[in-house]
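Please read it alongside the sequence and the coordinates.

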Amino acid sequence: MPVHLLSLILLFIPTLSFAWNTTGHAVVANVAECYLEPKARAAVQELLVDETMASVAGWMDRVRSQPDHRHTSTWHWVTIPDGMTYASSEKNPKGDVVEAIERMAATLGSDTASIGQKRLALRYLIHMVGDLHQPLHVGNGLDKGGNEFQVRWMGRGSNLHKVWDSGIFEAIGQDHTVITESLKVVDRRTLRKLRRGTPADWAQECVDLRQNAYTVAPGAEIGEEYARAHWDLVCQQLQAGGVRLAWLLNKALA
């Protein structure tokens with residue numbers, strides 16, 4: 001491959017919007033499993049056959065470039081500029097993570113949807129609820145959710161979105177089972193709080209939270225100190241995503 005062509009390819013790789021790495025998505029799925037009601041748990045197991053929620057949590061990223069799933073490429077994120085709400089912001093005609101979550105939840109709870117449609121909807125939901133709770137997947141419309149905000153991460157060129165998707169997890173270095181153990185017990189008051197609202201409301205939370213990511217200047221050298229400073233927020237969002245995923249599944253399947 002010519003060097004100039006390889007350079008162009010590498011230039012555009014960071015603009016891809018993957019949310020949370022395998023660890024993050026697995027944690028959301030694992031936390032959700034802790035809060036499934038018996039009927040919903042049985043339905044999930046039936047739909048996933050011999051797989052688990054954690055094992056399929058990253059599936060949507062893996063198939064997004066395949067012809068049968070290419071139409072879902074915009075379902076991983078949403079743009080809500082500062083000072084606006086989901087209702088008042090311009091909608092992507094190809095769909096976004098908020099409306100896709102609502103649509104897939106409706107499919108999962110439908111009396112007329114086929115098993116195949118429900119199985120697909122479940123896989124999408126497990127992933128998209130995780131996506132929605134990564135603050136930079138609710139973009140401000142200025143830098144593609146931090147993909148165009150260049151930084152130096154651990155001595156290498158990167159961008160803010162990639163740091164939040166995977167860099168922070170790599171810096172902390174904890175396995176998803178360890179993280180899950182620290183997040184799976186949620187007090188009743190927090191549960192009541194998390195089990196309110198809609199995907200649009202949850203996206204609005206990220207509008208407020210995403211500014212926490214922008215505590216550095218473009219081109220800044222960041223690493224473990226940045227990761228530790230934001231780890232509590234990452235864990236808060238993983239836990240919220242897990243509880244809310246279970247809440248959606250319970251409503252649709254219980």
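## Sheet and helix packing

In this predicted model, three strands form an open sheet of mixed pairing in the order β4-β3-β5, where two strands pair if DSSP finds at least two bridges between them, and where helices (H or I, at least four residues) and strands (E, at least two) are DSSP runs numbered from the N terminus. Because β4 (156-159) and β5 (221-222) stand at the edges with a single partner strand each, one side of each is left without a neighbour in the sheet.

Residues are numbered from 1 along each chain as its sequence is written. Local features need pLDDT of at least 70 and side-chain atom pairs count only at pLDDT 80 or more, while totals for chains, interfaces and linings use all residues, and side-chain values use heavy atoms, with hydrogens and water left out.

Strand β3 (residues 150-153) runs parallel to β5, to which two bridges join it, and runs antiparallel to β4, to which four bridges join it.

The protein as a whole comes to twelve helices and five strands. Two packed helices are described by the angle between their axes and the distance between the axes. In the table, axes are lines fitted to C-alpha atoms, for helices over the stretch in contact, and angles run from 0 to 180 degrees between N-to-C directions.

| Helix pair | Axes come within | Crossing angle |
|---|---|---|
| α2 (residues 22-34) and α12 (residues 224-253) | 7 Å | roughly 45° |
| α3 (residues 38-48) and α7 (residues 115-132) | 9 Å | roughly 105° |
| α6 (residues 97-108) and α7 | 9 Å | roughly 145° |

The axes of α2 and α12 cross at roughly 45°, which makes α2 oblique to α12, given that angles under 35 degrees count as roughly parallel, over 145 as roughly antiparallel, 65 to 115 as roughly perpendicular and the rest as oblique. This crossing is right-handed, a crossing being left-handed if the near helix is turned anticlockwise from the far one by less than a right angle, and right-handed if clockwise. The contact (heavy atoms within 4.5 Å) involves residues including Val27 and Val31 of α2 and Leu238 and Leu245 of α12. By class, this contact has eight nonpolar, four polar and no charged residues, where Ala, Val, Leu, Ile, Met, Phe, Trp, Tyr, Cys and Pro count as nonpolar, Asp, Glu, Lys and Arg as charged, and the others, Gly among them, as polar.

For α3 and α7, whose axes cross at roughly 105°, the angle makes α3 roughly perpendicular to α7. Here Val44, Glu46, Leu47 and Leu48 in α3 meet Ile115, Lys118, Arg119 and Leu122 in α7, and the contact has five nonpolar, no polar and three charged residues.

The crossing of α6 and α7 is left-handed. Its contact residues include Ile101 and Met104 of α6 and Leu125 and Met128 of α7, and by class there are 14 nonpolar, two polar and two charged residues.
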